[in-house]
Amino acid sequence: MSVTTTPHLNFRGEARNALEFYHSVFGGQLLVITNQEAGSTERPEEADQVKFGQVIGGNGFGVMAYDVPASIPFDRGEKPFFVSVRADSAQEVSELWDRLAEGSTVIADLAPSAFSPAYGMLADRFGVIWVLDVAVAYDPAQA
């Protein structure tokens, strides 16, 4: 038996833009089902909002998202979660970082750290905080 954990991001009217952006960064397959397509439109202005969306990459990346309907209270809050992306090499992390950083606010520059040859944190243009690093054993004495 295996279990997979996938971040599920909640938005208010920005889910499609966020999923398209993450798809442009990570590749893979993009799936977006609108409220209208799902037959669950509560308000006409929400017909084209995302009822279910996901990006699934062949490299193990996955993220889900939807637009919270106006009938449900929604407050993103202050740093309620981080999305962690771990790769096998600093080059791979750097390439993802460069694409994800578009329109983002860097919280911690992508650089070697005490636990990884490459670590960085940023808040993307949708307010989602991403942590990228290399998932390998790392000896800072060898840096």
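**The cavity**

I began with the lining of the largest cavity, where strand 3 and strand 4 each supply at least two residues. I took helices (H or I, at least four residues) and strands (E, at least two) as DSSP runs, numbered from the N terminus. This is a predicted model, so to speak of local features I needed pLDDT of at least 70, and 80 or more for side-chain atom pairs, while totals for chains, interfaces and linings use all residues. Residues are numbered from 1 along each chain, and side-chain values use heavy atoms, without hydrogens and water.

I found 1 cavity of 30 Å³ or more; a cavity is a set of points on a 1 Å grid where a 1.4 Å probe fits but cannot get out, and lining residues have an atom within 4 Å of a point. The largest cavity has a volume of about 50 Å³, the space filled by probe spheres set on the points. Its lining includes E42, K51 and Y66.

**The core**

Next I looked up the largest nonpolar core, which has 29 residues: buried (under 20% relative accessible area, 1.4 Å probe) nonpolar residues joined through side-chain atoms within 4.5 Å. Helix 1 gives the largest share, 7 residues. I also checked Y22, which touches L9, F11 and W130, among others; contact means heavy atoms within 4.5 Å.

**Helix 3**

I noted V93, L96, W97 and L100 as buried in helix 3. They cover an arc of only 105° around the axis, so they sit on the same side of helix 3; the arc is that of the directions from the helix axis to the C-beta atoms. On the face turned away, I found Q91 and D98 exposed (over 50%).

Definitions and conventions
On a 1 Å grid over the protein atoms alone, a cavity is a set of points where a 1.4 Å probe fits but cannot get out, and a pocket is an open set with protein on both sides within 12 Å along at least five of seven lines; lining residues have an atom within 4 Å of a point. Lists of a residue's contacts leave out its neighbours within four places in sequence.
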